[in-house]
Structures are given as C-alpha cells and as structure tokens.
Amino acid sequence: MRAALAGDEAAYRRLLEEIGRAVRAMARGAFSRMRVGDADIEDVVQETLLAIHLKRHTWDGGPKLAPWVNAIARHKIIDAMRRRGARRLEPIEDFEAALAAPEAQDPHLRSDIGRVMEKLAPRQRDIVTAISLDGQSIAATAARLSMSEVAVRVALHRALKSLAAAWRSATQ
Amino acid sequence: MKIADLVNSLAADPVAPIRLGRRLGLALALGAAASLALFMAALGPRPDFAEAARTVRFDLKFVDALALAAPSALLCWRLMRPDARPGALALLLVAPFALLAGAVVAELLLVPPDLWGTRLIGTNWLHCLTLIPLLSIAPLTALILAMRAGAPLHPALTGALAGAAAAGVAAMIYASNCTDDSPLFVVSWYPLATLVVVAAGALAGRRFLQW
C-alpha cells in the first residue's frame, strides 16, 4: 500500500488483487454462516475494492494494513447482507480465518455492477468501460475521445465516485 | 465486469493526496472564523468584556465550551478512519460535564437559595437558545464537508460529535456577549442549545457521511 500511495501502479494492482481474494473469502464465510446465497459475493468484493480505493487516504500508514482493510470489508459485507434482507445479524468476527478463494466463474452470476454502471453519465461509462473491460491505457482513451489525459483521469475519478454513490443509493 | 477489470480502472486512477487531519483542522478554523465574523458584525462582545474577563464565572464559560469542543473535534478526527477506536479519548467528553457540575455545586454553596431562580433563568436564555445553534451552522457545515473525505463506521455518531464540536465553538463566541455568567444559567441553557446542534449533526452525518 505504501508503494501504491507513492504512485507504484503495478504494486497497487497486485495489492488490490490480493485484497480482492481476501475479501472474497471473508464474504463467502460470512454469507454461508448467515445462510445467504453467494450470488452477491462478486458485487461485495467489487464494492469493497472501490471503497478501499476511494478511501485509501483514511489508512493511517501504520505498520499494519489488515485491520483497516478488514474494517472496510466488514462494513461493506454487512451492508450487502442488509440489502439482501438478512435478518439474523450476528457479530462477524472470524472472517479472517477463511482461506483465500478463487473467483467464481459462473456466467449466470447476477451482477449489480452492470445496473450501477447504467447510472453513470455516458462519457463516464465509456471511460470506465474502456479502461476496465478493454484494458486501454489512459493515454489511448484520451486520444480516442480527443480529451487531454488529465481530463480523462478526472473523469475516471469522478466516475468511480459516482459508481460508489450509485451503489450506496441501491443499498438504502 | 470482473474484479480484474475493476482493478484496471482503480490502478489507472491517480493518487489523491488527501490529508484528513489538515482538512478537518482547516474546516474547523474556517467555520469558526465565519461565525466569529458574523457575530462581530451583528452583535460583538458585551461592553464590559474586559472587566468580565477577570471574573471566574465568566471565564468558566469559555473553559467549559473549550472542554466540549476540543475532545469532540479530536474524536471526529479519529472516527473518520474505519478502523478507528475512540479509546480513552471518549472519556474526555465527561470533562465539560464534570467541570459544569463542580461549578454548579460551588454556585449553590455561594449563592443564597432565594437567588437561585433568578440566576437560573437569567435574561438571555432565548438569545442563548437561538444564537448558539445559529453560530454553529458555519462550523458544522464545514466539518461535515471535510469529513465526507473520511470513512466513518458510525456516520450518525460521528456527525453528532461534529455537532458537539461546532456547538462548543459557537458557545465560546456567544459567551463573550452573554451577560449571564452564573453556572446555574450555563447548566440550564447551554446544554439545551448544544443538544439542538448535536441532533442536527447526527442527522447530517446520517445523510452525508455514508460511504
């Protein structure tokens, strides 16, 4: 995380993927304990990653990253369970013990992020899609849309923020 | 969209250098300055301010307001982090109440019982109840705006603490105009005015500090 905050994109990517795996394991453990089906797990993982990204400045930079990640993941998992109307909300303490799990490959996985993406402005959605799904670089996207790289970065950041906001309003 | 796709976007998004503590401190300072300017333009301190400043009763109002504002603001700063624990800092919130309770006991011992009623009601209670919430608006707004960058696990509670900090600042400003210095007055009306602001802060927190 320290390297990522210093601007090391590759390190950040590795960290996010690692956190994604850990959060998936946490969510899977929590969902099965609450007997909630695991259709939403990928959504929770994505929502948590987004929150971690947008709130990364709230990490205090101390020796440990895990408590901070766990706090955010727990918050988002509880949110997701509330959204599903899980009635038995019990303290969820031992997520961390669960093993890292592989990403589900079920093509019929119901995904909220698709619906949430529809709420973005067309230009924002275009940018997120290009960079996320098509794996384009900022520079290539800027050239294609004839925007400056700075403008693309700003639009991307705004899009990620609105994505989080849209998700939140879906929760409430 | 899969995790790897999302990670593409997140990794491409540049680092936003946000310093929470500085942001919060700045917000508090700006909010207080705005309220102070408003107060100076509309009311100003009481005419005998310099004389009053030499009396214990008058000074105690400021100490008490500060004892509320400082721990509240510090707790806000801490609770902006999702992995925060309030810890021993929360105990400091007892300070303004303990201070006030001690002052009330002393006042009851010093002042004859037939004066208690007049001291308690005072002359400015309506001022107190309206001006403290009014002077809280700027600091509370600034604090909530700054705290939107945070990730509090308990938005309503964090918002309520922002309300307490704002009310403390407002009380400090207002106290310089208020001519009722008796702790009996302070204990009756200041907390009531503070409660209004705390409730407003809790509502604002629930509305604006979700993430």
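**Exercise 1.** Find how many residue pairs are in polar contact between chain A and chain B, both at pLDDT 80 or more.

*Solution.* Take pairs of N or O atoms within 3.5 Å; within protein, one atom must be able to donate a hydrogen and the other to accept it, and residues adjacent in sequence count only if both atoms are side-chain atoms. The count is nine residue pairs. This is a predicted model, in which local features need pLDDT of at least 70, side-chain atom pairs count only at pLDDT 80 or more, and totals for chains, interfaces and linings use all residues. Residues are numbered from 1 along each chain as its sequence is written, and side-chain values use heavy atoms, without hydrogens and water.

**Exercise 2.** State which element gives the largest share of the side of chain A that touches chain B.

*Solution.* Contact means heavy atoms within 4.5 Å. By this rule chain A contributes 44 residues and chain B 28 residues. Helices are DSSP runs (H or I, at least four residues), numbered from the N terminus. Those giving two or more residues on the chain A side include α2 (9–33), α3 (41–54) and α8 (149–171). The largest share, seven residues, belongs to α3(A).

**Exercise 3.** Identify which residues touch the most other members of the largest nonpolar core.

*Solution.* Such a core joins buried (under 20% relative accessible area, 1.4 Å probe, protein chains only) Ala, Val, Leu, Ile, Met, Phe, Trp, Tyr and Cys residues through side-chain atoms within 4.5 Å. Of its 55 residues, the answer is F31(A), L49(A), L50(A), W68(A), I77(A) and L156(A). Chain B also takes part, with two or more residues from its α1 (3–12). Another core, of 24 residues, lies apart and includes L24(B) and L209(B).

Technical notes
Chains lettered and ligands numbered in written order. Buried < 20%, exposed > 50% of the residue type's maximum accessible area, 1.4 Å probe, protein only.
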